Each structure stands twice: as structure tokens, then as C-alpha cells.
Amino acid sequence: MTTPANLALEGNDPRDPTHPAFHDNQPVETQLLHGSHDPSVTFEEYLYYAAITRAEEKIANEKHVAAMGPKTVKSVLKNRFSKGHVATVASPTDHGSTNEKSGIDGVPAAPGNQNLGLVSEAEWKNASRAVRTAGWSSVFYLITTDILGPFSVPWAFAQMGYGPGVALYTVFGGFAMYSGFQLWKVFMYMDSDRYPMKSYADAFFRVYGRWARHGVNILQAIQLLFTVSILILSNGQSISQISKGSICFIVCLVIFMAAGIVVGQIRTLQRFSWLANFAIWINLLILFIVMGVAANSAPNFVATEASFGSDFGPGPIHTYAGTPPNGKASGGTGFTASLNGLNQAVYSYGGAMLFISFLAEMRHPWDFWKGVLCADIFIYVVYMFFGIFVYSYQGQYAYNPVMQGLSPYNWQTACNIMNLVTGLIAAALYGNIGIKVAYVEVFQELLHAPPLTTKRGKLIWIALVPAYWVIAFVVCAAIPQFSYISGLVGAVCILQFTYTFPAILAFGFQIQKDAMTPEEHFDPATRTYHGIDRGFKRWVRGFMVKWHLNTFNFIYFLGALCTAALGIYSSCLGLIDAFNGTSQATSFGCKSPSA
């Protein structure tokens, strides 16, 4: 039996009758996956078929608009912000007989009667579009669910003060939106019914090659592992507070880890969908409770003193317009504290890693801008209002996560219990995706493990889940400092997916696209591109076409790398200070950092 990983690595055209997929009688959906990672497909071929798919989507949308009747102000607004519609699958003869130019930048359409082996053109399109059911409003919901995480924002303001806090959250929010639009642009030019783009790593595979795809997937697996670790630590602190410190802290972490192992045995994300929807409303309820309690009660001095030392015992509350002076920022002083706050800003906007996956499920991906624009504005407003509100009442005593900084035990416990529920759901989701990424990248591609749908694959999954959670537990038990470990993950991983990678992806894509000249063309019959040159000279020519945009993207890339370096530096300094006796929590110890 040939595994999907082997087929992807062989690099043959999955529609070729001699391809191993046909010998295994694999469905067209499996062949689509193989074609997405086929190294024999060139950059220009991806552009060629993407142009055809986008042109067909535009035609289908125009027919839909025409069916709505004459244009009025009401109809224009309704069309602009409609939930979308299901695009009609074009038949093989819809565009092939005329061979007219269509699509993006006038790329010619493919011949409709092209031989696809055992799979017809219509079957190929139907299989490719089967999962494209989401509208822009669904994408708004998904992006908001993925990114919105305001529980660290008040602590970040405590490190930076009002002015720098507002400035940094505004700048990082703006760049996060820019990165989202760059990912959208690459997707629109390189995704097609013929070669559907399914994941973040697929975009890098098509622009930079196989090594980039593997690198992105490995870093994604690392980020997801550390995200699960952070959730174990956060919810272990919640359990410790609920028990008023009567349970050994390491036992609190074990309790949550054990619950995660049980829930993590669910293999399909579909079973998590209703739980994820439920978790959103719980998080909103936590926000309202925190604001109400913070406005009427003192901060939790027990938790701040346990985490940040005796300087943060009971005392007057201070807020600052600029960077807090030495000794007034919980978890650092001066410049280092500001960098720690910056790390939390980065962490708060993390989520672009899943944008390609969201686009892959849209029935009309042209509308993605609506979802990402509305989501980013909504998230920014929530961060600003919630962060400034809680910081104004708790000042330097703002805690991370914020619900553990409430002083009345009853309200604190209520929020902690709700946080346990949402944390378990989130950890199970991230663990599920992380294990799948690791399984496909390592076990299937390198060790030739069976697919997860087989009996052997299911047995391996059962064994991998506890191993994955135990590794995550070891990380957080060894480094029980929530703010610094989450900041470190933000600097090492999340910042790359949200800022660094989109910048260098847009840089490489734009150069290769602009290097194509009107004299060059792609021949779909032979699957070859007739270009005038290759190599370094071609890259230079492509760079100069839009040198201002390419220069900006490259400077943006370098700036993101520098920010990542500063974030790693500040997180490491914070961890060193915490282990110098500032915090009562120690590696694999019983004392809690929150109770």
C-alpha cells in the first residue's frame, strides 16, 4: 500500500493514469491532496489554473448579481455584505472551446477537453469545491474565535502604560491586518480547482519549495505544543486558586493534563464545533464579570505577591501615561518590562497561521477582505476597551491571565471554573491539530506510518495523545511562569506566522509574478513554461517592477525578525529574574504562582 506521503514525495501528476494513486483506486479527494504537494508543478502553472478558477468565480458572482435585479443603494449594500452564495461548477466546455483570455492579468483559460486520466474536469472541480461552503460572515466568526484573547491585555498595559500600550496594540493590529491581506493575495493567485491550497505551509511550498513547507510545518507543530503547555499552566493556576493552594501545584497541572488526555482522544474536529461555539460565549461572560468586579473590588494581592515578589503586596494603585518607572511594572522594569508587554501584544494578535485554511473553505474567497477587516477592527476595539478599563482600576497589579487577579474568592472561582471549561476545549483543539501536523510531517512522510483513517493509524493516535500531553506538561512544569513562557512562544513562533512569514512570502511571490513577461507563456498541453531566462537575473528583473512594495515587504520582514529577537531576549531575562527568587513557584514544585 502506497501512503499519501510517498505519493506526495514522488512528485508525479496525480491525474496521470500511470500515477500510483490510480493503482490504489484512491478517490479524487486524495488525488487533490497529492497534487497540492507535487514538486513537478511550477509557479507559473499554479498561476495559470488559479486565474481560470478566479475567472469562473467572477462569472458565477456576476450571474448571481444579475439575478438580483437592478442596482439600488439597498441592493449594492446587500450584495457587498451578503453571506455569499454557492458558486456553480463550470462544465468542461464552459471556457475551453473559445480559448479566450480570462482571469487574472489575462492568463488564458485551459482547454476544456484536457485529458485528466481517470478523472473528468467536472469531477475534479466538484471534489475541489465540495468543502467550500463558508461565507465571509463565517470567516469573521472563525477569525474572531481564533485570535480574540484579551485576558493578557491589562497585564500588557501594566508593563507599558497607556501611551505605549495603545500605540503598540494599534501598530501590531494594523500590521496583522496587512499580513492577512498579503496571505489573501497569495491565495487568490495560487489556489485553483486543479491545485487547491489547503494550509499555510502550502503557500510556502508553491513560492519557495518543499524545504519551506517542511520548515513551516515543523514550527507550527512546535507552536501548537507550547500553546497546549501554556493552557495547562494557566488552568493549573486556576485549579490552584479554586483549592486555595491546598493542592500541590504540580498535582494541579497533572489534573488538567489527565483531563486533556481523555478529551484529546477525539480525532475529528467536527465533534468539537459546538463546544467551540459554546466557549466563545463563556469567554465573553468572563470579560463582563472581570470588568464589573475590577471596578468594585481591590486586586488580588495574594496572587501578585506570589508571582512578582513582596513589592507587589497591598498598596496604592498607580497608572502611567508612559512607561512605568522601575519597580512599578509587574514582572520587569523599564525597557525589559515594555518588551514583555510587547510580547503579549504579539501573542494577542496571533492566528494568521489558520487564514489559508479558512480561505480554502470559502465559497467565494474574493469576500475574505470583509471577514478579516471586520474581525480585526472588532478585536482591536475589544482589546483597547478591555485593556484600558481593567488597567485603570488595577494599575500595576493587573494579572495575567486577568481573571486570576480578582480578589473576591467567589467571583474569582466562578471565572476560574469557566476558564477551565474553555481552556480544556482550546487545549484539546490545539492538541488535535498539533498531533495531526506532527503525524503527517514526521510519522507519515519520514517513517511511512499508515493514514489515521486506518486501524493501525487509530492505534498510533491513541498512543500519541498521552505522549503529546506529557511533553507539554513537562515544559510548563519546568517553567511555571505564565507571562514569560507565553511571551517567549509569541516571540519564537506566533510572531513569525503573523508578521515575519507573510512578509517574506509576499516578497518572494511578488518578485516571481512580476518576472513574468508578455512574451512568456505556459503550455498546458506539455505543462511547461516558456520563459526568457531563469535564476538570479530573473529575480532582479521581478524585484524592479514594484521595487517600492518589495522593499517595504523586505524591511517589514527584517523588522519582524528584530522584534522577535527583542522578544526572546526580554522573555529570557524575565524568566531568569523569576527563577532568582522573585516568584515562589519553582520547577516541578508544590508552591503555586497564583495562590
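Are Tyr169 and Tyr383 buried or exposed? Tyr169 is buried, and so is Tyr383 (buried: under 20% relative accessible area; exposed: over 50%; partly exposed: in between; 1.4 Å probe, protein chains only).

## Basis
This is a predicted model: local features need pLDDT of at least 70, side-chain atom pairs count only at pLDDT 80 or more, and totals for chains, interfaces and linings use all residues. Residues are numbered from 1 along each chain as its sequence is written, and side-chain values use heavy atoms, without hydrogens and water.

## Aromatic pairs
Rings of Phe, Tyr and Trp (its six-membered ring) pair if their centres lie within 6.5 Å; planes under 30 degrees apart are stacked, over 60 edge-to-face, the rest tilted. By this rule the count is 35 aromatic pairs. The ring centres of Tyr169 and Tyr383 are 5.9 Å apart with planes at 75°, so this pair is edge-to-face. Tyr169 lies in helix 10 (residues 162-190) and Tyr383 in helix 18 (residues 368-394), so the pair ties together parts 214 residues apart in sequence. Helices here are DSSP runs (H or I, at least four residues), numbered from the N terminus.

For Tyr189 and Phe509, the centres are 5.6 Å apart and the planes at 50°, so the pair is tilted. Phe509 counts as buried, at 1% relative accessibility.

## Charges over rings
The charged end of Lys58 sits over the ring of Trp366, 4.7 Å from its centre. The rule: NZ of Lys or CZ of Arg within 6 Å of the ring centre and within 35 degrees of the ring normal.

Note on methods. Helices (H or I, at least four residues) and strands (E, at least two) are DSSP runs, numbered from the N terminus.
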